[in-house]
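Have a look at the model first.

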Amino acid sequence: MAPEIILKKPYKGTEVDIFATGIILFMMVLANQPFTKAAPRDAYYKCIALNKADIFWKSHTKKTGDIYSADFKDLIFRILAVKTENRITLEEIEYHSWFTQETA
């Protein structure tokens, strides 16, 4: 769940849905969860909240090596932003470089 739901704050469905799709995208690409709960006590989520992308990705790429593009990492961090005003919008996702790149 998005942090605003866990904190029982008012929320907009679209912002919560974007957060949820970020979780799904992360799991599809890495076959693992980005964190257990979007709460400050979760070590991985804390990395996102404190904008410590290097620590977050280092932890998640121990087994696979750092094979994920900078575009993918940027998109995930923007989707999983703690503050809703910093969270990427659906339109911005559509034009994000990771989303628009050519695929095999």
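**The chain as a whole**

Of the 104 residues of the chain, 34% count as buried, where buried means under 20% relative accessible area with a 1.4 Å probe, protein chains only. This is a predicted model, so to speak of local features takes pLDDT of at least 70 and side-chain atom pairs count only at pLDDT 80 or more, while totals for chains, interfaces and linings use all residues. Residues are numbered from 1 along each chain as its sequence is written, and side-chain values use heavy atoms, leaving out hydrogens and water.

The chain holds seven helices and zero strands, with helices being DSSP runs of H or I of at least four residues and strands runs of E of at least two, numbered from the N terminus. The radius of gyration, taken over C-alpha atoms, is 13 Å, close to the 13 Å from the globule rule for 104 residues, so the chain is as compact as a globular protein of that length. That rule is 2.2 Å times the number of residues to the power 0.38. Along its principal axes, the C-alpha trace spans about 40 × 30 × 20 Å.

Now zoom in on one pair. Helix α2 (residues 13-30) and helix α5 (residues 70-79) have axes that come within 8 Å and cross at roughly 145°; axes are lines fitted to C-alpha atoms over the stretch in contact, with angles from 0 to 180 degrees between N-to-C directions. On the α2 side, the contact (heavy atoms within 4.5 Å) includes Ile18, Phe19 and Gly22, and on the α5 side Phe72 and Leu75 are among the partners.

Key:
Buried < 20%, exposed > 50% of the residue type's maximum accessible area, 1.4 Å probe, protein only.
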